[in-house]
Amino acid sequence: MDVQETAELSPADRRALFDRSGGVEDARGTAHEIIDRVREEGDSALRAYATEFDGCEIGNIEITAEAARAADEIDPELKAHIETAAENIRAFHETQLPEDWRQSFDGRELGRRFRPIERVGVYTPGGTASYPSSALMGIIPADVAGVDHIAVATPPAKTLDTTTLAAIHIAGADSVYQSGGAQAIAALAYGTETVSATEKIVGPGNRFVTAAKAEVQGDVEIDVLAGPSELVVVADETADPALVAADMIAQAEHDPDAAVVAVTDDAALATAITDAIDAQTGNRAREEIIRESFAGDASGVFLTRSLSEAVLFAEEYAPEHLSIQADDEEALLERIDSAGSVFLGPYTPVAAGDYATGTNHVLPTNGRARVTGGLSVETFLRSTTVQRLDRAALSDLRATITTLAETEGLEAHAASIDQRFEE
Ligand SMILES: NC(=O)c1ccc[n+]([C@@H]2O[C@H](COP(=O)([O-])OP(=O)(O)OC[C@H]3O[C@@H](n4cnc5c(N)ncnc54)[C@H](O)[C@@H]3O)[C@@H](O)[C@H]2O)c1
Ligand SMILES: N[C@H](CO)Cc1c[nH]c[nH+]1
Ligand SMILES: [Zn+2]
């Protein structure tokens, strides 16, 4: 791997770096066909796709009881660790519960109230790897928000993935279905004989899952489109190149489309990071996937002329994860607005947040951090404004309202105010 100087990047190189859509557009056609078939054929389509894409002949689509049993039967030590992660995630998300409020604004009593969405669908990925942690990240915020019915879909497997099923149960799911990919999103959006339709669908997945979420958007709400993992590490000469490389390799192992970047103003560090990546990759179990991620257009080790430029580069990239490994991390953080989740200092590896610190790991990718954050309790709440005026407060506003209503040609609006003052 070579170090690239950002000053030498062509406009095309920059476009490739900052476009990380991961083939989702190409999957839209397939997702559309799958969704149509699930809407027409229901459960039998889910079974047919389980055979075609997952190589599984499934009997029951609903496996809620199996998830409860898995939580009783998995190794107690593993269960204790899942519970530790779950507790930390719950504690962090409980701080996000907003309180209803009312306040007087010159006699106008105005406020907001927050209520959970009633029925949500949480997709838990499970095609090429098993993701009990993603089950916790999707389900716990919904549970904290007070969602009445949490339905979870996860791909079928020849042997049930008891760890993921246990995590799904521990996190607080109400119904669990074995279905993956676009067909699962269709079932959660429109319902089948077995799966009842939900009102909002959340959770990460591969390009078929993401394309399907984009397709059903409008009929149901969806969360952020969370695609393949991304990491930018901003490092100065104080960073340990082996740790920077380790964090990059960790995110690279998720997916060949994962995008991993280090950016620094220190030439010696940049070279040391590339050497450390080469040295460590061969020791990793998912070596092939890691190599493909590093070969991607959106990955690399970059050298800038100053640390300020490195921070600007990270800001423009707007990564899912940003790690700052530098002398004064807080000062650099001050200049960052666009990142899904920020990890400060050498003892805060991204993998810690992936599993157990308590923050959510379902985060915006492909530059969406410019406009949104990751999954949170708010994802599962709707807000309603409330107001009450007395006669004096309405009288104070009477002329403003009626003038604006008449300006808009909406005479009945003005009349509805005036009528209240007729003797
Ligand atoms: N952002 C996050 O928080 C986060 C967390 C965990 C995982 N992820 C990402 O989620 C993704 C998981 O991907 P995955 O594939 O392992 O699991 P997945 O559950 O997303 O997808 C598996 C499903 O894809 C469908 N599928 C596979 N090939 C298909 C084809 N050719 N045509 C139509 N459908 C097909 C199958 O139905 C299968 O059940 C990875 O990209 C990973 O990086 C992201
Ligand atoms: N890094 C992933 C989000 O991009 C989340 C994850 C799940 N398991 C391990 N990591
Ligand atoms: Zn991860």
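## Ligand 1 and its contacts

Let's start with a backbone contact: a polar backbone atom of Gly126 sits 2.9 Å from an oxygen atom of ligand 1. Keep in mind as you browse that this is a predicted model. An N or O atom in the side chain of Asp54 is 2.6 Å from an oxygen atom of the ligand, and a polar side-chain atom of Asp255 is 2.4 Å from an oxygen atom of ligand 1. How much of ligand 1's accessible area does the protein cover? On its own ligand 1 has 870 Å² of accessible area, and the protein covers 88% of it.

The shell around ligand 1 holds 27 residues, with Asp54, Tyr123, Thr128, Asn206 and Asp255 the closest. Sorted by class, that shell contains 11 nonpolar, 13 polar and 3 charged residues. Helix H3 (43–54), helix H8 (181–190) and helix H9 (207–216) are the elements that give two or more residues to it.

## Domains around the site

Let's step back to the whole chain. The protein chain is divided into domain 1 (3–20 + 228–357), domain 2 (24–222) and domain 3 (390–421).

## A parallel sheet

Next comes an open sheet of 5 strands, which run in the order E6-E5-E4-E7-E8 with parallel pairing. At its edges are strand E6 (175–178) and strand E8 (221–222), each of which pairs on one side only. As a reminder, strands of a sheet pair through backbone hydrogen bonds, either parallel or antiparallel.

Within this sheet, 5 bridges join strand E4 (residues 119–123) to strand E5 (residues 149–154) in the parallel sense. One residue to look at here is Tyr123, whose bridge partner in E5 is Ala153. Tyr123 is also among the residues closest to ligand 1, which links the sheet with the ligand site described above.

## Annotated binding positions

In one, the annotation "binding site" covers Tyr123, Gln183 and Asn206. These three span 84 residues in sequence, yet no two of their C-alpha atoms are more than 12.7 Å apart, so they gather at one spot. Gln183 is found in helix H8, while Tyr123 and Asn206 are among the residues closest to ligand 1.

In the other group, the unreviewed UniProt entry places the feature "binding site" at Gln251, His254, Asp354 and His413. Why do these positions not all gather at one spot? They span 163 residues in sequence and the farthest two C-alpha atoms are 56.6 Å apart, so they do not all come together. His254 lies in the loop between helix H10 (241–252) and strand E10 (259–264).

## Ligand 2

Which residues surround ligand 2? Around ligand 2 are Tyr131, Ser133, Ser229, Gln251, His254, Glu320, His321, Asp354, Tyr355 and His361. Among them, Gln251, His254 and Asp354 also carry the UniProt "binding site" feature from the unreviewed entry.

Several polar contacts can be picked out here. A polar side-chain atom of Glu320 is 2.7 Å from an oxygen atom of ligand 2, and an N or O atom in the side chain of Ser229 is 2.9 Å from an oxygen atom of the ligand. Ser133 has a polar side-chain atom 3.3 Å from a nitrogen atom of ligand 2. Taken alone, ligand 2 exposes 290 Å², of which the protein buries 92%.

Definitions and conventions: Residues numbered from 1 in each chain as written. Chains lettered and ligands numbered in written order. Predicted model: local features only at pLDDT ≥ 70, side-chain atom pairs only at ≥ 80, totals over all residues. Heavy atoms only, no water. Near = heavy atom within 4 Å. Polar contact = N/O pair within 3.5 Å; in protein donor to acceptor, adjacent residues only side chain to side chain. Areas by Shrake-Rupley, 256 points an atom, 1.4 Å probe, with all protein chains shown as cover. Helix = DSSP H or I, 4+ residues; strand = E, 2+ residues; numbered from the N terminus. Nonpolar A, V, L, I, M, F, W, Y, C, P; charged D, E, K, R; others polar. Domains from an automatic or database assignment. Pairing = 2+ DSSP bridges. UniProt positions renumbered as here; feature names shortened; annotations may be inferred.
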